[in-house]
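Welcome! Please take a look at the assembly shown below, and then we can walk through a ligand site and a chain interface together.

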Amino acid sequence: MIALLIRDLRLAFRAGGGFGLGLGFFLILAVLVPLGVGPDPVTLGIIAPGILWVGALLACLLSLDRLFALDHEDGSLDLLATSPIPLEGVVAVKALAHWGTTGLPLALAAPVLGILLNLPGAAYGTLMLSLILGTPALSMIGAFGAALTVGLKRGGLLLSLLVLPMYMPTLVFGAQAVTRAAQGLDPTTPLVLLAGITAGSIALLPFAAAFALRINLR
Amino acid sequence: MIALLIRDLRLAFRAGGGFGLGLGFFLILAVLVPLGVGPDPVTLGIIAPGILWVGALLACLLSLDRLFALDHEDGSLDLLATSPIPLEGVVAVKALAHWGTTGLPLALAAPVLGILLNLPGAAYGTLMLSLILGTPALSMIGAFGAALTVGLKRGGLLLSLLVLPMYMPTLVFGAQAVTRAAQGLDPTTPLVLLAGITAGSIALLPFAAAFALRINLR
Amino acid sequence: MEMRVTDLACARGGLPLIEGMSFTVAGGEALVLRGPNGSGKTTLLRTLAGLQPALSGEISCPPEQMTYGAHADGLKAVLSVAENLSFWAAIHGQRDIAPALAAMNLTELAERPAQTLSAGQKRRLGLARLLVTGRWLWVLDEPTVSLDAASVALFAAVVRGHLAQGGAALMATHIDLGLAEARVLELAPYKAALPVDPGFDEAFL
Amino acid sequence: MEMRVTDLACARGGLPLIEGMSFTVAGGEALVLRGPNGSGKTTLLRTLAGLQPALSGEISCPPEQMTYGAHADGLKAVLSVAENLSFWAAIHGQRDIAPALAAMNLTELAERPAQTLSAGQKRRLGLARLLVTGRWLWVLDEPTVSLDAASVALFAAVVRGHLAQGGAALMATHIDLGLAEARVLELAPYKAALPVDPGFDEAFL
Amino acid sequence: MASLWEYANPVKFMRLSNWLMPVSAVLAAALIAVGLYWGFFLTPDDYRQGATIKIIFLHVPAALMAINAWAMMLVTSLIWLIRRHHVSALAAKAAGPIGATMTLIALITGAIWGQPMWGTWWAWDPRLTSFLILFLFYVGYIALWSAIEDPDTAADLTAVLCLVGSVFAVLSRYAALFWNQGLHQGASLSVAPGTRMDWSYKGPLYLCMIGFVLLFVALVLAGTRTEIRARRSRALMTRERARA
Amino acid sequence: MPDLGTYATEVLLAYAVSLGLLALLITWTWARSRRVRRDLAALEARVTRV
Ligand code: HEM
Ligand SMILES: Nc1ncnc2c1ncn2[C@@H]1O[C@H](COP(=O)(O)OP(=O)(O)OP(=O)(O)O)[C@@H](O)[C@H]1O
Ligand SMILES: Nc1ncnc2c1ncn2[C@@H]1O[C@H](COP(=O)(O)OP(=O)(O)OP(=O)(O)O)[C@@H](O)[C@H]1O
Ligand SMILES: [Mg+2]
Ligand SMILES: [Mg+2]
């Protein structure tokens, strides 16, 4: 399992820097939105929590479609499925590697982008915390979606379509937590709910994803 | 050339409906942003033009990485490069097919999403016009980016990173046109500039992209 | 150690391809599967490896005791030869990859990224993986594709070594493997007859 | 019609592989390229096909007169056999795909999506493409991989037909193609010597 | 009584649905026609909402069926996963487009209703939002069905999607409520005694609701029959191919 | 025709769109059912004849 984790992380770094790129996308989005929306700092401050969370979500999404697809194409997935590691473990490890190369760096970089978007000072801590609590759920849900679409050519957009509605609760609680913090309110409730979603996803979705993978390998 | 266009369109439709899915992504983004940002209609109205343009841009981007990658992986690109069709033509046709399956449907669907985002009534015509004028440039610039990254595994995110800065002028003029229309101002200047970018991209980028492709095939 | 297959039937794309197939592979034995293109060799091997369900029949040996070598090699282009191999070794709880590298004549290429290998070199790396799985039954789909004569001989030697240690190999191939001692199993006699149409029933077929 | 290669040198990954290679292929001739794995067959063929530049030397025949058949077949999984072939026919300005289908024994599979073909059936489709390009020189990289004996014979017949019409074929392979009349060209004598280090010079090598 | 599972056999199902489908279709047509006629022509305007109250006779039944169709898909998906009855999976497949249409009708009538009542076509009210999300789930479900070639694979994967999606659809509902308190009217029909609604509204509404249920039944039966036939065609085509 | 007052457009639009969508759904179901039924009949005839 650890070997798989190391391999996936290594692939992410080696192949043009999976992690630098997730960050890059997030950064560019934070730049594009003010360009599209206009420079008014008050508006930006209001929408900042939402945009940052939507950006994190899209940055996750963009790298999802290759989570299993590459292994499927080159035949590794067949070999992993017949290896001593249970497929549930493979899914969990791959989701973890995905989180380590996108969710985690995103969470760490988010405060910098908060500045670009004029996020009110009180919200920075909550922003990071909410991303750290919430992005594992994004990776896990995404892994499930990727498992569903792995056999399909051009599964990328179908994957987005399947995954985005499932991202909705995470997004709402995450953005709400940051918004509340920005308004000086208590963000505990949404943070707890966020943690709940993450815990639930991690507990249940590996099984659903492994089931889907087995079907797709058939 | 027409055979190539037909094949690419057919592939897009056959493979799970390339075009329905581009739309789907755009729609989902228009849903997610209010969920992140909050339901206040005034704020939404202000950011609507920018968000819609950013959404169109991301929807284009998401399907770009496979523009040449699939043909590269299965060896078709080698064969196309040695075929009687000039590689510049291949690039142009592929960009056209990409536009036909993402940009065009996006432009047609945008008004519906305008409603979701509370876009002021005066801006709907300009929204569609700006998207129709601007999305060909997105496809063409994207094709160039895809040609640059075609050999690389996980080129997807690198592609985003390369392409997004080049999308900036298109985005700025497009969003400006819509914003002006929403405020009751005259959107002609940004629209003309948009058309200029599109014309320039179509005239020049096929050559750059074909050059990049030749290098990558080596 | 023995795999006993009894009255196996398998299907692909909803269509039965093979039926009534029974055979045994014991430790120390090599079995070569022959059949024309599209006769269902890949389907049979995938079924044995547990990747797809059998229509009916028994396979006495669980997939955990086999390793499957497919048409594709499962190599990561950006990892080096040694990294690719170490990964599969680690997955199977093994450590030492040097013997496998040496056996497939890859030692000199060990630090090369897999993407810079030629077709035959890639294949050799794919075959080296078998040696680090530690499983006794190798289930191989056209293992010698793209290999030159010297590499085929190398592969034959590796298989012989595996057999000598009590292992077994089941290989589908169209070309001569240089393994004179291998039994040949023709797929043709087991070609599935078209099932009688049961009409409009639960099975639809 | 003739391709004359004079004093060709090619490199892969920055390393010269072949040098001083000269040969001629005329219409009606088949030339089989032989060399161990990694000796540079693919590199040579890609150079001839114009996909990578030669280090030095002359190729008398422009890439527009050849068609290249690579390790990969360039098939679209979701398109049917007929659609895949018609596409390549249209690209090369041809119309009728029926003879090509018949020649590679694909007529019955014409409506099947390419993804449901077996390895050998895919390869047959890849080879059928050659017939719809209308080009006189076929440059093929291991064309018979995965083919069973009957299909290899089919392919040999197709090549013979092509030669009879004045075409030519240059094929890299490790196995017997059943083309007794083909000339064999060994790659070994043209193996590039390691270049002498020219020091810190313009070419860096 | 014979086991209900008998109807998992396509032949039995075809025989049953052969008469059940037209019967429910006719009943549905009659009930909806009467209900809508009553509601549209004979019902007085609401003192607050004026004539727009007439939209309720389409809006509420459609919203009801939008949710129930998903529930039915959930049940049939579970049956497929556990007992592997093909009819069950095909019924779920047939329900997809119907549920999506119902959701769309509820959304559009709601949007049109919102224009006079709330002064906007669209407001990010929790109920509206969760319906939009539900619509997206439907679209994803249908897209997944159509993207997969092999029917059994498609049935398995869409069934898993339906299960997991249901959990997230419920979560979305809570998330939406948490996010915004909203403008939408609460459930007034569910509180039976002391009801706020007059029988001149309730009558046609009930008729339409039962009519929509029957319409749904008829459409699902028709759709399942079609899917069974399509599946049979596929099997025959495969056989024919094999013979060749 | 009842008097719909100021809301005539909305009410009529709602009815038109809903009934239109229902009609579309029913037509689609019916058309697809017919097509599939016809195809199957043709296939059965062909296959059982052989
Ligand atoms: C797109 C917008 C809308 C959607 C998705 C929507 C959805 C729903 C749903 C799901 C129900 C059933 C709730 C239940 O039975 O508990 C419902 C009922 C209802 N809706 Fe809407 N609605 C929308 C807009 C509106 C508008 C604008 C109005 C009018 C101002 C409205 C008035 C009602 C009424 C009166 C009911 C019946 C509530 C009851 O008595 O149970 N809806 N709607
Ligand atoms: N996904 C699929 N759907 C439907 N039919 C398939 C699918 N994959 C393979 N087939 C068909 O099943 C048959 C058996 O395929 P299989 O790959 O097992 O053959 P094979 O013996 O391995 O052939 P080869 O020697 O060419 O590799 C072939 O006729 C093939 O066309
Ligand atoms: N992208 C690359 N970068 C660096 N070296 C490469 C690259 N591709 C191939 N090589 C090396 O170049 C040499 C020649 O490769 P080539 O593919 O031409 O061999 P080949 O004769 O076709 O072998 P095979 O019979 O195995 O297909 C090999 O030693 C290979 O390792
Ligand atoms: Mg095979
Ligand atoms: Mg080669």
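## A site shared between chains

Ligand 3 is surrounded by residues from both chain C and chain D, so its site is shared between chains. Please keep in mind as you read that this is a predicted model. In total, 20 residues surround ligand 3. The closest of these are Arg112(C), Ser118(C) and Gly120(C), joined by Thr42(D) and Thr43(D).

## Polar neighbours of ligand 3

Let us look at individual atoms next. On the chain C side, an N or O atom in the side chain of Gln121(C) is 2.8 Å from an oxygen atom of ligand 3. Thr116(C) takes part through its backbone, with an N or O atom 2.9 Å from an oxygen atom of the ligand. From chain D, a polar side-chain atom of Glu142(D) lies 3.5 Å from an oxygen atom of ligand 3.

How much of ligand 3 does the protein bury? Taken alone, the ligand exposes 640 Å², and the protein buries 87% of that. Two elements each give two or more residues to the shell: α4 (119-131) of chain C and α1 (41-48) of chain D.

## Where chains A and B meet

Now for the protein-protein side of the model. Twelve pairs of chains are in contact, and among these pairs chains A and B share the most contacts. Chain A brings 43 residues to the contact and chain B brings 44. Between them, the two chains bury about 4200 Å², with 76% of it on carbon and sulfur atoms.

How many salt bridges does the rule find across the interface of chain B and chain A? The count is zero. On the side of chain B that touches chain A, α2 (18-37), α3 (41-64), α4 (66-73) and α8 (155-182) each supply at least two residues. By class, that side of chain B has 29 nonpolar residues, ten polar and five charged.

## Chains that do not touch

Chain B and chain F have no contact either, with their closest C-alpha atoms 15 Å apart.

Note on methods: Residues are numbered from 1 along each chain as its sequence is written. Chains are lettered from A and ligands numbered from 1 in the order in which they are written. This is a predicted model: local features need pLDDT of at least 70, side-chain atom pairs count only at pLDDT 80 or more; totals for chains, interfaces and linings use all residues. Side-chain values use heavy atoms; hydrogens and water are left out. A residue is near a molecule or strand if one of its heavy atoms lies within 4 Å of it. A polar contact is a pair of N or O atoms within 3.5 Å; within protein, one must be able to donate a hydrogen and the other to accept it, and residues adjacent in sequence count only if both atoms are side-chain atoms. Accessible areas come from the Shrake-Rupley method with a 1.4 Å probe; for residues, only the protein chains shown count as cover. Helices (H or I, at least four residues) and strands (E, at least two) are DSSP runs, numbered from the N terminus. Contact means heavy atoms within 4.5 Å. Buried area is the accessible area (1.4 Å probe) that two parts lose on being put together, summed over both. A salt bridge is a side-chain nitrogen of Lys or Arg within 4 Å of a carboxyl oxygen of Asp or Glu. Ala, Val, Leu, Ile, Met, Phe, Trp, Tyr, Cys and Pro count as nonpolar, Asp, Glu, Lys and Arg as charged, and the others, Gly among them, as polar.
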